[in-house]
Amino acid sequence: MMIVVVALHLIQVFLYGAYKKPREATWMVGVGLLLLTLGYGSSEAASPFPIVSRACASVFRLLSGPYNKGFMPAELACIEERCRARFPITDIIYNCPKCGGLLDAVYPDPPPAADLRALWLGRRTSNAPLDQSGVWRFREFLPFLPNYDSVVTLREGNTPLLDAPQAARYGGLDRLTFKHQGFNPTGSFKDNGMTCGIAQALRLGKRRVACVSTGNTSASMAAYASAAGLQPIIFIPHGNIAYGKLAQALEYGARTLQVEANFDQILALVRRLAERLDIYLLNSMNPFRIEGQKTIMVEMMEQRDWRPPDWVVLPGGNLGNTSAFGKALREMKAAGLIGRLPRLAVVQAEGSAPFYDLWRAADRSRLNPVVHPQTLATAIKIGDPVSWPKALREVEASHGVVEKVTEQEIADAKAIVGRCGIGCEPASAATLAGIRKLTAAGSIPADADVVAVLTGNVLKDPDYIYRYHTGDLKSPSGARIEPNYGNRPIMVPNDEAQIAAILDSQLGNTPKQG
Ligand SMILES: Cc1ncc(COP(=O)(O)O)c(C=O)c1O
Ligand SMILES: [Zn+2]
């Protein structure tokens, strides 16, 4: 058998050397190894001989590495400086088995920046599903799959950059643009990551996927898992989820378990269950979801013709997005796609702000969890964010800041985003509230070029909206939230004259028709 492999390797060298055909050359090695592992099953993780499979994968890497950098190998790498252990990309691990640290997907250098820009731009006119995805269009930037057979796309990403002059004024800026992830298929940025997480689950031969979620992750996972023919199982904190999101999870067919515990407690429980029931976990510590979320930044840079803004502002909950954005920006800079890093500003809700506390602490080596996190912005109601070490690394690398805002500030900022004709869910509005605070404090100058990422759609939490505008919204402490920008519906009799009079008094003279 070894003779066959050696012969194929010689053909590979010839193909690469004479015809510069790296993909074909790599295929030759692949065929050799396929022969070697024949009968061991198509799914890497499903192999009954994992040691043989792993040895073959190492040989494969050794042979294909120098010839085709973009194709393989991707690896998982521990982010802890003292460890930096590496693992095969197909290992089902969510933390480093050696030290417990978080894991990053890492790759060899990408193709030259000019080639990537041209390739990605060209794909905008393609009708191929993969090219129409705002995630997979940038696939050279997340090359963790050996091929794209396992990808299910709902055409995620492709979200707009919107100018919002009224919000800019409110935030103390000359100009502000929103990158609105609420335009995604299930209405949040989670779709960018979920298409990748589900592709990895399929590639690993998994049949069941699960997540613990404050809402948007479950909605997204339910949709993508069902579209891929997998069984979605979601765990949600009892009574802490916006109805728009729960409704989505049910409609998309997820087995839904409401647990009498908070997010952090349920996450610990589900990690234990995952092993027992052979479930693939799709929470935000899943490194493949982070890879997908990177494309939010790549797409934004492309929309700005690769001119980085001064600041990127985003809400912080579990801090997966902060980790993804920072990684994307660093990788784009390293690849020569952008010339400098924008600064990251992460905004948390006051009652749920462990990352803010960490940022302000003299010692940033340990995060103190908030045991009973409180905020009406349920998407960021996280007391013990799993991704904080990655997020800290990214905020520091970008010379960024962390801010916190009150429930009243979030509610008012949300109403302003609505008045721009844009709208968003409460957690997303923390960005504008944070910008207002940061400009007032002089941390962000008025003429700064700022992009705020709106993470979720306005319809995710309609109950919050109605209560705010009718003066019925109360913060978790019981304090009334003032409808400073409220828009209460008016009860009117069924009487034309009276309605006209009311409108006249409310709106000024009504314009004459004709
Ligand atoms: C709408 C919305 N905004 C912000 C967040 C927080 O994102 P992260 O957990 O990545 O910090 C979430 C997470 O669920 C979300 O759904
Ligand atoms: Zn480690």
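**View 1. Helix α11 (residues 287–303) passes helix α12 (residues 320–334) in a right-handed crossing.** Right-handed denotes that the near helix is turned clockwise from the far one by less than a right angle, and left-handed that it is turned anticlockwise. The model is predicted, with pLDDT of at least 70 needed for local features and 80 or more for side-chain atom pairs, while totals for chains, interfaces and linings use all residues. Residues are numbered from 1 along each chain as its sequence is written, and chains are lettered from A and ligands numbered from 1 in the order in which they are written. Helices (DSSP runs of H or I, at least four residues) and strands (runs of E, at least two) are numbered from the N terminus. The axes of α11 and α12 lie 8 Å apart, at an angle of about 60 degrees. This angle makes α11 oblique to α12 (under 35 degrees is roughly parallel, over 145 roughly antiparallel, 65 to 115 roughly perpendicular, and the rest oblique). Axes are lines fitted to C-alpha atoms, for helices over the stretch in contact, and angles run from 0 to 180 degrees between N-to-C directions. The contact of α11 with α12 comprises 10 nonpolar, 4 polar and 3 charged residues (Ala, Val, Leu, Ile, Met, Phe, Trp, Tyr, Cys and Pro are nonpolar, Asp, Glu, Lys and Arg charged, and the others, Gly among them, polar).

**View 2. Helix α12 also packs with helix α14 (residues 388–397).** The angle here is about 45 degrees, and the axes are 8 Å apart. The two helices, α12 and α14, are therefore oblique to each other, and their crossing is left-handed. Residues of α12 including Thr-322, Phe-325 and Arg-330 meet residues of α14 including Lys-390, Glu-394 and Ala-397. This contact of α12 with α14 holds 4 nonpolar, 3 polar and 5 charged residues.

**View 3. Helix α7 (residues 190–203) packs with α11.** Their axes are 7 Å apart, at an angle of about 145 degrees, and the crossing of α7 with α11 is right-handed. Asn-192, Met-194 and Gln-200 are among the residues of α7 that meet α11, whose partners include Phe-288, Gln-293 and Ile-296. In the contact of α7 with α11 there are 5 nonpolar, 8 polar and 2 charged residues.

**View 4. Ligand 1 is surrounded by 20 residues.** A residue counts as near the ligand if its C-beta atom, placed from the backbone, lies within 6 Å of it. The closest are Gly-317, Asn-318, Ala-379, Thr-455 and Gly-456. Helices α8 (216–228), α12 and α16 (426–440) each supply at least two residues of this shell; α12 gives the most, with 3 residues. By class, the shell has 5 nonpolar, 14 polar and 1 charged.

**View 5. Asp-191 of helix α7 is shown, together with Asn-147 in the loop between α5 (129–132) and β4 (161–163).** Asp-191 is buried because 30 other C-beta atoms lie within 10 Å, whereas Asn-147 is exposed, with 8. Buried requires 20 or more other C-beta atoms, placed from the backbone, within 10 Å of the residue's own, exposed 12 or fewer, and partly exposed lies in between. Asp-191 contacts, among others beyond four places in sequence, Leu-154, Asn-184 and Ser-220. The C-alpha atoms of Asn-147 and Arg-203, 56 residues apart along the chain, are separated by 9.4 Å.

Conventions
Two residues are in contact if their C-beta atoms, placed from the backbone, lie within 7 Å.
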